Amino acid sequence: MSLPPRTLSGMRPTGPLHLGHYFGAIKNWLKLQDEMPCFFFVADWHALTSDYANTKDIKEYVIEMTRDWLACGLDPERSVIFQQSLVLEHAELSLLLGMITPVSWLERNPTYKEQREEITNKDLSNLGFLSYPVLMASDILMYRPAWVPVGEDQLPHLELTREIARRFNNFYGDFFPEPQARLTPAARCPGLDGRKMSKSYGNSIFLSDDLADIAKKVRGMLTDKNRLRRSDPGNPKVCNLYPYHELLTDETTRAEICEGCVTASLGCVDCKKILINNLESFLTPIQERRKTLSSDYIRQVLKEGSASAREEAQRTMQGARKAMHLDFNY
Ligand code: TRP
């Protein structure tokens, strides 16, 4: 069975997107959307693997995140944009793949071990959290993509997906092609305080933030902490602000900024002004588009996208059931 190469990727609904999401994932998705057929989905069941106790925000987060996707340029006319929980086949495939997945594979997954150790404010001893990679394998294998764009933290999950596909094919005959990870080119987009940009750290610039608030956030950022006086030379390499220039400022201006910083001819206040301007030019069209996307429209997009994803999922499930001798026609 040979399919034209296609891409699938998903994101947990954590609410409105910030710059870290944009430069870490969405920018890459937009490029792939121009190159091949793509499936992009809201991984709402995945949100439950760790946040099962408090589910009341999921509905809103699904809509807000999808609104940002579309505002950034993901295009429901070209890509299948859908919601995991509206395609029940993901649950069926996850159950079947769960039958052939050794628990030891899941227990030795580095992401699992790390999160069990680091996340102490939630009880993660639930089965769903352990079997998260099985659900992720179903999300992926369902659409038989050639490529799965992910961040580095997801690589162990993708490797598990491939191992599960191989095991399935060994038992029941060749059926699932092994998907390849497509690493998002490393884009460093730290938070306002230099740590990883994350909603829970309160150090984010959201795509939908009011531009005046963004200017305020940028003005409050620490730059090179060794540059105490305007007349001290600075070092862009250790500056918190400079990574943003790498994402948003053209090369010529960047060269001028570096030169101005190390010779102290450019002060941090002016350097921030340049960035604020560039952030505004970058975000204005996204925010303009965002305003035109009503919640009803977003729900419609997810409904239609999920219906079309479901057709594909049903095709895959027919094949998978047949391979497992579970195709009962009575
Ligand atoms: N696990 C991914 C994350 O937390 C989200 C995800 C779920 C995903 N299923 C996927 C990503 C399938 C790519 C493909 O970011």
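**Aromatic rings**

Reply: Phe168, Phe171, Tyr172, Phe175 and Phe176 are linked by ring pairs into a cluster. The model under discussion is a predicted one, and it holds 15 aromatic pairs. A pair of aromatic rings is described by the distance of the centres and the angle of the planes.

One of the pairs joins Tyr22 and Phe282, whose ring centres are 4.9 Å apart and whose planes stand at 75° to each other. Planes over 60 degrees apart count as edge-to-face, and the pair of Tyr22 and Phe282 is accordingly described as edge-to-face. Tyr22 belongs to helix H1 (residues 19-35) and Phe282 to helix H13 (residues 268-291), so this pair ties together parts that are 260 residues apart in sequence. Both Tyr22 and Phe282 are buried.

A further edge-to-face pair is made by Phe168 and Phe176, with 4.8 Å from centre to centre and 65° between the planes. Both of these residues also belong to the cluster named at the outset. Phe168 counts as buried because its relative accessibility is 1%, where buried means under 20%. Phe176 is likewise buried, its relative accessible area being 2%.

Tyr330 is exposed, with a relative accessible area of 86%. Together with Leu326 and Phe328, Tyr330 forms a nonpolar patch on the surface, and the three have about 420 Å² of accessible area together.

Note on methods:
Residues numbered from 1 in each chain as written. Predicted model: local features only at pLDDT ≥ 70, side-chain atom pairs only at ≥ 80, totals over all residues. Heavy atoms only, no water. Patch = residues over 30% accessible without salt bridge, like charges linked within 9 Å, V, L, I, M, F, W, Y side chains within 5 Å. Areas by Shrake-Rupley, 256 points an atom, 1.4 Å probe, with all protein chains shown as cover. Salt bridge = Lys/Arg side-chain N within 4 Å of Asp/Glu carboxyl O. Buried < 20%, exposed > 50% of the residue type's maximum accessible area, 1.4 Å probe, protein only. Phe/Tyr/Trp six-rings, centres within 6.5 Å; stacked < 30°, edge-to-face > 60°. Helix = DSSP H or I, 4+ residues; strand = E, 2+ residues; numbered from the N terminus.
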